Amino acid sequence: MNIAVYGWGQMGKLLCDTIDKSKNLNLTGIIDAFSSGKDHRIVETLENLSVVPDVLIDFSHYSNSEKILPWITAHNIPTLIATTGHSGEELEKIKKASQVVPILKATNTSLGINLITELLETLVSSLEDWDIELIEKHHNKKIDAPSGTAQSLLTKINNTLSSKRELIYGREGIAPRKKEEIGVHVVRGGSIVGEHSVIFAGEDEVIEIKHEAHSKMIFVNGALKGATWLYNQNPGFYTMKDIFN
Ligand SMILES: NC(=O)C1=CN([C@@H]2O[C@H](COP(=O)(O)OP(=O)(O)OC[C@H]3O[C@@H](n4cnc5c(N)ncnc54)[C@H](OP(=O)(O)O)[C@@H]3O)[C@@H](O)[C@H]2O)C=CC1
Ligand SMILES: O=C(O)C1=N[C@H](C(=O)O)C[C@H](O)C1
């Protein structure tokens, strides 16, 4: 399978190295406007690719979706969008494009996070009246907050609750906690790969569901699994749930 990778940052480089080491996958192009000359396969724009790939994987910057969507729909290229930070409006555009081309939109490609997401449905249904708080921690180079994963977990929680709760980002000052809220807390520092905790606090008991990423390889492995799966799909909007289930 021929793959092109958009973005040659921390994730993009690791993904490219992994594809290069694979027997079945072939890296035919890298798109990064800021890294020309650093690898002979890097081109500045999608239009400059010498080989049209079977699949595109995007680990660049959310703003590039604007350039990616017209190109993948014109060339019918199944695409994994793994970037985070999209606005609601940008997500709608991605969904619209998925009517004509298969798109896998994944805020987190690791197996563990995707298992937790499913587990949350059971926990939230059984603990409707407990307080819920979310904490996420990432490295100091991450630009978006809360993380895409945190937002996906919060959406899952709110969609499972019988009535949606308000998201309160951090707390300061004097105000009692309301029942109808979910506290969301963001930590940025050092080289933390990624941690997500959902805390359910009841009367005299607490359940904490925590996922720790210890290496970015978990995202690379999940992304390649997802991209391989996506290659054979019909147009549609897919998530990692479709791959891991
Ligand atoms: N779905 C998942 O499982 C995961 C998703 N991610 C997401 O993937 C994305 C990339 O992560 P990561 O590799 O750590 O980030 P990096 O900042 O290391 O890499 C981003 C890459 O995109 C390039 N880029 C292209 N256009 C832009 C632009 N307009 N502004 C800034 N950079 C641009 C950067 O260029 P330059 O090097 O010149 O800055 C860089 O090569 C993020 O959105 C992150 O949240 C990350 C890990 C897992
Ligand atoms: O930027 C990162 O590093 C990560 N981003 C994704 C997110 O925003 O959830 C996934 C992972 O947590 C690492």
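Which residues is L224 in contact with, leaving aside its neighbours within four places in sequence? In this predicted model, L224 is in contact with I3, L15, T18, I19, L25 and I57.

## Two domains

The protein is divided into two domains. Domain 1 covers 2-105 + 217-244, while domain 2 covers 111-213. Between the C-alpha centres of domain 1 and domain 2 the distance is 28 Å. The two domains also touch: nine residues of domain 1 are in contact with 12 residues of domain 2.

## Annotated binding site and pocket

An unreviewed UniProt entry carries the annotation "binding site" for H139, G148 and T149. In the model, H139, G148 and T149 are included in the lining of the largest pocket.

H139 is found in the loop between β7 and α5. Its relative accessible area is 13%, and because buried means under 20%, H139 is classed as buried. Leaving out residues up to four places away in sequence, H139 touches Q10, R188, G189, G190, S191, I192, V193 and K216.

T149 has its place in helix α5. With 5% relative accessibility, T149 counts as buried. Beyond residues up to four places away in sequence, T149 touches T107, N108, I113 and H196. With N108 there is a polar contact of 3.0 Å, which joins the two side chains.

Where does S147 lie? S147 lies in the loop between β7 (131-138) and α5 (148-160). Is S147 buried or exposed? The relative accessibility of S147 is 1%, so S147 counts as buried.

Residues up to four places away in sequence aside, S147 touches E136, H138, K142, R188 and H196. With H196 the side chain of S147 makes a polar contact, at 2.8 Å from side chain to side chain. H196 is also among the residues that T149 touches, and R188 is among those that H139 touches. S147 and V186 are 39 residues apart in sequence, while their C-alpha atoms are 8.3 Å apart in space.

## T117 in helix α4

T117 lies in helix α4, which spans residues 111-126. The relative accessible area of T117 is 14%, so T117 is buried. What does T117 touch, not counting residues up to four places away in sequence? T117 touches L153 and K156. Helix α5 spans 148-160, and T149 has its place in that helix.

Notes:
Residues are numbered from 1 along each chain as its sequence is written. Chains are lettered from A and ligands numbered from 1 in the order in which they are written. This is a predicted model: local features need pLDDT of at least 70, side-chain atom pairs count only at pLDDT 80 or more; totals for chains, interfaces and linings use all residues. Side-chain values use heavy atoms; hydrogens and water are left out. Helices (H or I, at least four residues) and strands (E, at least two) are DSSP runs, numbered from the N terminus. Buried means under 20% relative accessible area, exposed over 50%, partly exposed in between (1.4 Å probe, protein chains only). Contact means heavy atoms within 4.5 Å. A polar contact is a pair of N or O atoms within 3.5 Å; within protein, one must be able to donate a hydrogen and the other to accept it, and residues adjacent in sequence count only if both atoms are side-chain atoms. UniProt positions are given in the numbering used here, feature names are shortened, and annotations may be inferred rather than shown by experiment. On a 1 Å grid over the protein atoms alone, a cavity is a set of points where a 1.4 Å probe fits but cannot get out, and a pocket is an open set with protein on both sides within 12 Å along at least five of seven lines; lining residues have an atom within 4 Å of a point. Domain bounds come from an automatic or database domain assignment.
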